[in-house]
Amino acid sequence: MPETNTTSWGLSHLFLTVFLFNFSHFMVIPAITDVSMAALCPGEDECSFAIYLTGVQQAITGIGNLLMMPLIGNLSDQYGRKLLLTYPMTLAILPIVILAYSREEGFFYAYFVLKTLTSMLCEGSVIFLALAYVADNVAEERRASAFGILSGISSCSFVTGNLLARFLPSVSSVFQVSAATAMVSVVYMRIFLPESNMTAAVIAVASEKETTDECLLDNRRVSRAVPSLRDSFSLLKSSWTFSQAAIVAFFNMLGELGLMSALLYYLKAEFHFDKDQFADLMIIHGIAGIISQLILMPVLTRVINEVHLLAIGLAFTCIHIFLYSVAWSSWVVYLASTLQILSVFAGPSLRSIVSKQVGPTEQGKAQGCITGLCSFAGIISPLIFSPLTALFLSDHAPFHFPGFSLMCAAFTVMIAFIQSIMIKAPISNSKTDEYDPLQNPSYPCQP
């Protein structure tokens, strides 16, 4: 019972940490488009330079994530989730502080460079380490629901962050509050978040045979600390379900990044959205996510398995991106955003499927591998969608279809949907229950 209470408190502290961290970063999203446009193309509603610069940042970030996420995942398996959460959460504060001080052109470029560099380590690492923490502490049969709750917490921070940004008196105050909240999230995490149960379990197993298998343990620690691309490919080939989930993750992220990179500029150019309207749209988006992940998903996971929820989520993702692309009035944009209530099923369901394909000592590696693969999509996405967005929002488009890049993003997610319906219901990997790193060594001790 004490162990159960400790786990419960640990998850509560994790959820609050994720809420505070995401709150600080989501609240700047409505303002960053206006800040970018004002610094790069003052007085204009369309700016190809800003679109291309965003694409460059996305590509560089993707390259860094591709290299760093598997490494961070492996290190978290060895040294614990809490320690590895500290570095990205701390580094993510620095770019926000710059814009909290000034948003003039020189400071914007300083922000852009620092944001690009820190995002190579920070982008996505906090959420996948949080997912690994949940997987360490929640039984498999309840994991999809727990992942949904974690995503719901992120949606809550999304809504509250955008609500606050909507009513703060100035853009400078948005970035100042964001920087302060990010600092609080790091301090709270360091003081209150206990280390994951995974660490204690691994140490307990290792100590039982410390004298006979010391060489083996040393080899495993060294090998896991610095993973190679071969390790990632081996993990991808470890099960057919894992490979299919990886394909779904790649194409889904490719389409979603296409949506993210194009949507705000598209709405700015076509419907003259500003900070407040962006915030309104994101609040609707976030409320739909809260209803879905905190109310609907915990209920539905009892009667529908993760594979079917994944397919439902991807289907509605296609529909809502398609509606954005053909929107003929601003009310269609708001209608499309409400469909997020079903499309958000995809993320938690996919991560739950992945977590069931590996053992308890490989959760960080598995989630890091998927995040790294999504980062590869982040490299390719701007090469495709940034030129398309800039072209079809300009006066030189081959035909009039401002939402063409969004339509292409919808078709990309459709590929992920088609692949998802081919996945069979995940069977728990036997390693999850029976895996012993000493009885079944991956790196035998060399004579």
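Is Cys 318 buried or exposed? Cys 318 is buried, with a relative accessible area of 9% (buried means under 20%, exposed over 50% and partly exposed in between, with a 1.4 Å probe and protein chains only). Cys 408, by contrast, is partly exposed, at a relative accessible area of 21%.

The model is predicted, so local features need pLDDT of at least 70 and side-chain atom pairs count only at pLDDT 80 or more, while totals for chains, interfaces and linings use all residues. Residues are numbered from 1 along each chain as its sequence is written, and side-chain values use heavy atoms, leaving out hydrogens and water.

Helices (H or I, at least four residues) are DSSP runs, numbered from the N terminus. Axes are lines fitted to C-alpha atoms over the stretch in contact, and angles run from 0 to 180 degrees between N-to-C directions. Angles under 35 degrees count as roughly parallel, over 145 as roughly antiparallel, 65 to 115 as roughly perpendicular and the rest as oblique.

Helix H4 (residues 81–91) packs against helix H5 (residues 93–101) at about 15°, with the axes 4 Å apart. H4 is therefore roughly parallel to H5. In this contact (heavy atoms within 4.5 Å), Met 89, Thr 90 and Leu 91 of H4 meet Ile 93, Leu 94 and Pro 95 of H5. The contact has 5 nonpolar, 1 polar and no charged residues (Ala, Val, Leu, Ile, Met, Phe, Trp, Tyr, Cys and Pro are nonpolar; Asp, Glu, Lys and Arg are charged; the others, Gly among them, are polar).

Helices H13 (residues 240–271) and H15 (residues 306–325) pack at an angle of about 25°, their axes 11 Å apart. They are therefore roughly parallel. Their crossing is left-handed (the near helix is turned anticlockwise from the far one by less than a right angle; clockwise is right-handed). H13 contributes Val 248, Asn 252, Glu 256, Leu 259, Leu 263 and Tyr 266 to the contact, and H15 contributes Leu 310, Leu 314, Thr 317, His 320, Ile 321, Tyr 324 and Ser 325. By class, 8 residues are nonpolar, 4 polar and 1 charged.

The axes of H18 (residues 346–355) and H19 (residues 363–392) come within 10 Å and cross at roughly 135°. The two helices are therefore oblique. Their crossing is right-handed. Arg 351, Val 354 and Ser 355 of H18 touch Gln 363, Ala 366, Gln 367, Ile 370 and Thr 371 of H19. This contact has 3 nonpolar, 4 polar and 1 charged residues.
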